[in-house]
Amino acid sequence: VSGLPGFGRFSEPALLILISLADGPKHGYAMQDDIAALTGDRPGPGTLYGAVRRLEEQAFIEALPSEDRRKPYQITDVGRRALQAELARMRSLAGTGLTRLATT
Amino acid sequence: MRALLWLYPPAFRERYGEEISQLLASSRKPVRDVLDVVWHALLERMELTMRGIPRFFGFAAALLGFAVAAAVVADTVAVRVSSMWGGDSPPFVIAVHVVIFAAAIAVAFVSARAGQALARRQGYPVWTIAVLMFAVQVIATLLVINSRLLRPGFTIYGEAAKPTLLYFGAWLVLTVIVVAVVRRLSGRRAIVAAVLGGLIVLQVTAVLDIYFAGFSVVAESPWALAYWRSVAGIDLSLGGNSFATMSHRDWLTTMYTCAVLGYAIALARPAMKTMPATAVVS
């Protein structure tokens, strides 16, 4: 995973959060679980909410009303487009790399 | 655990504090997660502080600090080398200039990067760059003077306040002119103008340095080699030892001329056109 441009040191966590929220809203703990399942590495609370704060500022995600003191977040249309663009870029990059590997 | 949240800025703590607290309470790796929270709380604090500082002044402060540190470290190492080999021996002369030249390259590189970062946002007036670098030079020189005056046997600038100020003033005016020319050009022309302009500035200021210090430029002939002889710290017995005496001051000027021209080149139009976009998604 390379990350989301423009998010600095939070680019990778931000990308993983967007991927995690792509199939529906999740609260912090569920995001941690999901990202751990995706990458094998569970992000710490500081890392997670540092990225959440930046994603909210960019309007890539938004908070929903709290449920049992837990606040779920959902991806916005802007965030969905950003994720789509970044994943397409990564797919193109991966395709090029794999093609070059296959020809050598 | 909740006490850790006080490390965060109030707004962040109010917005996400409870959620972070819940995650910490149910953490499977509490030590790692506590360290993660502490580290990111400090990052949030730092970012909040930096937001309050106008970007240009942030860059200026960072560059100024780096340049001063480079000058002081270079000078300190040079004096250390001097005490090891003695002031006039060839190993001393070579080692001192290698150290100071390395510092000059480092300052120029960091300046160029800072210039690129500034160019990404907007072009700053020539005078802001020149005044910034002038401040860098004066502060670094004062530090060098002080550090040398503290050591017995080093009184290079002790009695030369007026010539030093005249010398730096001439450097400032000439540098502003060269930067203004470079910024009007683009591509290779800008680089060529920066290199040639920089050499002219250094040569002219080296001659003025000798003149302001009360030496006879004619006696120090050939004047065309004034800069090269002064930075080499080698006097060819063509009249006194003024070139060697000025050598450290001229090295400082070299360092800051490189730095200013690094800015100028980075701020030239082609650099602005080729900067990568900061946001991929609109």
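User: In this predicted model, are R53(A) and E44(B) buried or exposed, and which helices does the pair link?
Analyst: In the predicted model, the side chains of R53(A) and E44(B) meet in a salt bridge with an N to O distance of 2.6 Å. The pair crosses between chains, running from helix 3 of chain A, where R53(A) lies, to helix 2 of chain B, where E44(B) lies. Buried means a relative accessible area under 20%, and R53(A), at 9%, counts as buried. Both R53(A) and E44(B) are buried, and the pair links helix 3 of chain A with helix 2 of chain B.

User: How many salt bridges does the rule find across the interface of chain B and chain A?
Analyst: Side chains of opposite charge can pair when their charged atoms come close. One salt bridge is formed by E56(A) and R15(B), at 2.6 Å from N to O, and D41(A) and R32(B) form a salt bridge at 3.7 Å. Because D41(A) lies in the loop between helix 2 and helix 3 of chain A while R32(B) lies in helix 2 of chain B, the latter pair joins two chains. Across the interface of chain B and chain A, the number of salt bridges is 6.

User: What area is buried between chain B and chain A?
Analyst: The size of an interface is often given as the accessible area lost when the parts come together. Here 24 residues of chain B are in contact with 30 residues of chain A, and 11 residue pairs across the interface are in polar contact. Carbon and sulfur atoms give 48% of the buried area, which is about 2,300 Å².

User: Why does the pair of Y8(B) and F12(B) count as stacked, and which residues form one aromatic cluster with them?
Analyst: The ring centres of Y8(B) and F12(B) are 4.4 Å apart and their planes stand at 5 degrees, so the pair is stacked, given that planes under 30 degrees apart meet that description. F12(B) also pairs with Y16(B), but here the rings are tilted, with 5.0 Å from centre to centre and 50 degrees between the planes. Y8(B) is buried at 1% relative accessibility, as are F12(B) at 6% and Y16(B) at 3%. The aromatic cluster that holds Y8(B) and F12(B) also takes in Y16(B) and Y49(A).

User: Where in chain A is A59(A) placed, and what is its phi?
Analyst: A59(A) counts as partly exposed, with 39% relative accessibility, and its place is in the loop between helix 3 and strand 1 of chain A. Although A59(A) is not a glycine, its phi is positive, at about 60 degrees.

User: How far apart in space are H27(A) and P72(A), C-alpha to C-alpha?
Analyst: H27(A) lies in the loop between helix 1 and helix 2 of chain A, and R70(A), K71(A) and P72(A) are the residues that it touches when those up to four places away in sequence are not counted. Although H27(A) and P72(A) are 45 residues apart in sequence, their C-alpha to C-alpha distance is 3.9 Å.

Conventions: Residues numbered from 1 in each chain as written. Chains lettered and ligands numbered in written order. Predicted model: local features only at pLDDT ≥ 70, side-chain atom pairs only at ≥ 80, totals over all residues. Heavy atoms only, no water. Phe/Tyr/Trp six-rings, centres within 6.5 Å; stacked < 30°, edge-to-face > 60°. Buried < 20%, exposed > 50% of the residue type's maximum accessible area, 1.4 Å probe, protein only. Contact = heavy atoms within 4.5 Å. Buried area = accessible area lost by both parts, 1.4 Å probe. Salt bridge = Lys/Arg side-chain N within 4 Å of Asp/Glu carboxyl O. Polar contact = N/O pair within 3.5 Å; in protein donor to acceptor, adjacent residues only side chain to side chain. Helix = DSSP H or I, 4+ residues; strand = E, 2+ residues; numbered from the N terminus.
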